[in-house]
Every structure is written in C-alpha cells, then in structure tokens.
Amino acid sequence: MPTDPLPDWVPVRRRAIGDTVRAARAAAGLTQEGLAGRAGIDRKTVNRLEQGTRSPLLDHLLVIADALGVPLADLVREERPPPRERQGPPDLPAPGPP
C-alpha cells in the first residue's frame, strides 16, 4: 500500500508516463478518442492518464500499449543517466582497454 501522502517524485513520474503516452499517441496519428476506441476504454481515462491526474491502472496501460503497438516498457521506461564508471581499488587499473 502506498504511503500517504505519496512521495513528491510519484506524481512527477506519473506525469512523465502521461507525456510518453501522449507522444506515442501523437506519433501514431491518433486523437484521445481514437486511442480510447482502439483500447476499449473511455476517452476521459486516456485524458486523465496523459495529464497525470490519476494513478493509471495497469490494465489500462496494457490495453493502451497494445492499441499503440508498442511494448508496455516503452510507455513506462524511466530515462536515467548512464551509470558512473565503476571505480576499482586505487592500486588496480580502471576497467577498459589499456
């Protein structure tokens, strides 16, 4: 069960997912109504998801991904900076070509 209130990053992440859904829908040339029809959900549900105003149901994300022809992971993937280069002990050379 989520904490109440939610951490600040949760609504931010939810809006980022909504932005990704909106971009995928636009790339597919669909309106919110068109996506809703393909996914078998209400247009208001698509709007709320894109706006990040409500927590999306996994079921809705699944049918939206299917309707857009994209993997679910593409809709929820978080862009992260590349990991820092691993640092070995000071007496060992750093990994990689010499």
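**Exercise 1.** Is Arg14 buried or exposed?

Solution. The model is predicted: local features need pLDDT of at least 70, side-chain atom pairs count only at pLDDT 80 or more, and totals for chains, interfaces and linings use all residues. Residues are numbered from 1 along each chain as its sequence is written, and side-chain values use heavy atoms, with hydrogens and water left out.

Step 1: Arg14 is in helix α1, residues 9–27 (helices are DSSP runs of H or I with at least four residues, strands runs of E with at least two, numbered from the N terminus).

Step 2: apply the cut-offs. Buried means under 20% relative accessible area, exposed over 50%, and partly exposed in between, with a 1.4 Å probe and protein chains only. Arg14 has a relative accessible area of 16%, so Arg14 is buried.

Step 3: list the neighbours. Leaving out residues up to four places away in sequence, Arg14 touches Leu6, Gly52, Thr53, Arg54, Ser55 and Pro56 (contact means heavy atoms within 4.5 Å).

**Exercise 2.** Classify Lys44 by its accessible area.

Solution. Step 1: Lys44 belongs to helix α3, residues 43–51.

Step 1: the relative accessible area of Lys44 is 46%, and therefore Lys44 is partly exposed.

**Exercise 3.** Describe the chain as a whole.

Solution. Step 1: count the elements. The chain has five helices and zero strands, in the order α-α-α-α-α from the N terminus.

Step 1: state the burial. Of the 98 residues in the chain, 26% are buried.

Step 2: state the contact range. Among contacts between residues at least 6 apart in sequence, 51% join residues at least 24 apart.
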